[in-house]
Structure formats: structure tokens, C-alpha cells
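Let's take a walk through this one, starting with some aromatic rings and ending with a pair of helices. Have the model open as you read.

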Amino acid sequence: MSKRDLKKYLTELSQEQLQDQIIELYEKFAPVKVFYDFVFNPKEETLLHEAKIKISNEYFPVKVTRRGKAKMRRSVAQKIVKHFIVLGVDPFVIADVMLYNIEIAQTYAAGNLIKQELFYKSMFNSFEQAVTFSISNGIFEEFNERITAIAEEAKRRKWKNRSDFEAILEKITL
């Protein structure tokens, strides 16, 4: 069904029928419930706090697993960011989560030897996405200090791809 067909169908429904359908969608599909719960009670601070806890748990787990190791999954933060974008969360909150993911990973890397090249590549991809997001949403200046600090930390810790971080900074400061 096209969007146009859907609009035509919806205009043919009475107010009561439309309300019944929306309530049915709300009860039947979890994403619809999450969306309406957010729309009517956006609690962005709570969402931000919960997101940071989940991301922190990837590097500094509260529950010790059998191996007792950090999982370091970038995908956890990526899913949170995607979810926030779908919900329409404030871009400042989204950028904060994006940068927090990299900062917590750098904190972990400062105290732990990480041999996987993929970790460094992944953090660079996250960095590049955060910079692009902040620029495209017109909020780069508010996050410039944190972005610069992340690139400086990669340089200070002698990450193998530190020149990639520096190249991004050079592009945006021109």
C-alpha cells in the first residue's frame, strides 16, 4: 500500500474507527507503544542516562560474566543511536551518546591492551559518524571541544589510526 492509498483509506474512517485502529496498533506492536510513550512523555534525560549505562556496561561490566571480560560491542551504541533517531530525540542527546561511546572506549583502552585492529577502526567509524552528525545538525560548535579531545587522546595513546582522527579534525577546521 502506498502512502497516498493509506491517506485515502484513513480519511474514509470515522474518528472513532481511527482511534480504535491506533489503540490496536499501540497494544499489538511494541515499537508503536515505545513511540507513543516517548511522544507523550519524552524523558530524554532518563533515556540518555540509561543509554550511557548500557554503553558503559560494554566496557566496564557490572555483572561479571563467566569470562569476566568486557564485550566492547560498538553495535550496542549504534542501536541506541538509531533508536533515538527514529524516536526523534534531540540531536544534542544523540551527539552526546555518540561521543560518550568513543570516550568510554578510550577510557577502557587506556587501561587495557587491545590487539584487535577492528576496535580502532570501529572507534574511528564512530568518530567520523559523530562529527558528520554534529555538523549536519548544526551543533558542531557545542561538541567541538569533546571531538578535539577524542582525536587528541587517539594521538596521545598512539593509536595506529591516529592520523585518520587528525585528518578529520583538519578537514573541519579549514
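Helix H3, spanning residues 30-40, carries both Tyr36 and Phe40, which sit four residues apart, or about one turn of the helix. Keep in mind that this is a predicted model. The ring centres of Tyr36 and Phe40 are 6.1 Å apart and the planes make an angle of 15°, so this pair counts as stacked, the cut-off being under 30 degrees.

Now for another ring pair. In total, the structure has 11 aromatic pairs.

On to the helices. When two helices pack, the description rests on the angle between their axes and the distance between those axes. Here, the axes of H5 (residues 74-87) and H7 (residues 117-136) come within 11 Å and cross at roughly 20°. That angle is under 35 degrees, so H5 runs roughly parallel to H7. The crossing of H5 and H7 is left-handed.

Which residues make the contact between H5 and H7? From H5 come Arg74, Gln78 and Ile85, and they meet Ser122, Asn125, Ser126, Gln129 and Phe133 of H7. Sorted by class, that contact has five polar residues, two nonpolar and one charged.

Methods. Residues are numbered from 1 along each chain as its sequence is written. This is a predicted model: local features need pLDDT of at least 70, side-chain atom pairs count only at pLDDT 80 or more; totals for chains, interfaces and linings use all residues. Side-chain values use heavy atoms; hydrogens and water are left out. Axes are lines fitted to C-alpha atoms, for helices over the stretch in contact, and angles run from 0 to 180 degrees between N-to-C directions. Helices (H or I, at least four residues) and strands (E, at least two) are DSSP runs, numbered from the N terminus. Angles under 35 degrees count as roughly parallel, over 145 as roughly antiparallel, 65 to 115 as roughly perpendicular and the rest as oblique. A crossing is left-handed if the near helix is turned anticlockwise from the far one by less than a right angle, and right-handed if clockwise. Contact means heavy atoms within 4.5 Å. Ala, Val, Leu, Ile, Met, Phe, Trp, Tyr, Cys and Pro count as nonpolar, Asp, Glu, Lys and Arg as charged, and the others, Gly among them, as polar. Rings of Phe, Tyr and Trp (its six-membered ring) pair if their centres lie within 6.5 Å; planes under 30 degrees apart count as stacked, over 60 as edge-to-face and the rest as tilted.
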